[in-house]
Amino acid sequence: PISDPLTYISKIAERASITGETQGLAVKILHEASKKRVAAGKDPMGLAAAVLYIACKQNDEQKTQKEIAKAANVTEVTVRNRYKTLRRQLGLSVPD
């Protein structure tokens, strides 16, 4: 069984020192992704890392893909690919 990315959000956020407010936003983004079936079949750790990265960008929390990838124990490429997919399919506006 594929585990729920939700369970990884707080774990990764804790390791990367990400605020609770940003974690809450990441959970909302993840729920939206689940509703639209964007998350289906994807690695839950990579997905959790990507939604945290998006939430950091939206909350103006300075975290790099590298920092989040390291905290999640996935590659930067995984974070970047999931990030691009989520941003496109959910129509999210993410500041650069």
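Reader: Let's start with Tyr-83: is it buried or exposed?

Author: We're looking at a predicted model here. Buried means under 20% relative accessible area. Tyr-83 comes out at 8%, so it counts as buried.

Reader: And what about Tyr-53, buried or exposed?

Author: Tyr-53 is buried too, with a relative accessible area of 8%.

Reader: Where in the chain do Tyr-53 and Tyr-83 sit?

Author: Tyr-53 belongs to helix H3 and Tyr-83 to helix H5. They're 30 residues apart, so to speak, and the pair links distant parts of the chain.

Reader: OK, how do I read the way H3 and H5 cross?

Author: For two packed helices, you give the angle between their axes and the distance between the axes. Here, H3 (residues 44-58) and H5 (residues 76-90) have axes that come within 8 Å and cross at roughly 65°. That makes the two helices roughly perpendicular. The crossing of H3 past H5 is right-handed.

Reader: Which residues of H3 and H5 meet?

Author: On the H3 side, look for Gly-46, Leu-47, Ala-49, Ala-50, Val-51, Tyr-53, Ile-54 and Lys-57. On the H5 side they meet Thr-78, Val-79, Arg-82, Tyr-83 and Leu-86. Sorted by type, the contact has nine nonpolar, two polar and two charged residues.

Note on methods: Residues numbered from 1 in each chain as written. Predicted model: local features only at pLDDT ≥ 70, side-chain atom pairs only at ≥ 80, totals over all residues. Heavy atoms only, no water. Axes fitted to C-alpha atoms, helices over the stretch in contact; angles between N-to-C directions. Helix = DSSP H or I, 4+ residues; strand = E, 2+ residues; numbered from the N terminus. Parallel < 35°, antiparallel > 145°, perpendicular 65-115°, else oblique. Left-handed = near helix turned anticlockwise from the far one by under 90°. Contact = heavy atoms within 4.5 Å. Nonpolar A, V, L, I, M, F, W, Y, C, P; charged D, E, K, R; others polar. Buried < 20%, exposed > 50% of the residue type's maximum accessible area, 1.4 Å probe, protein only.
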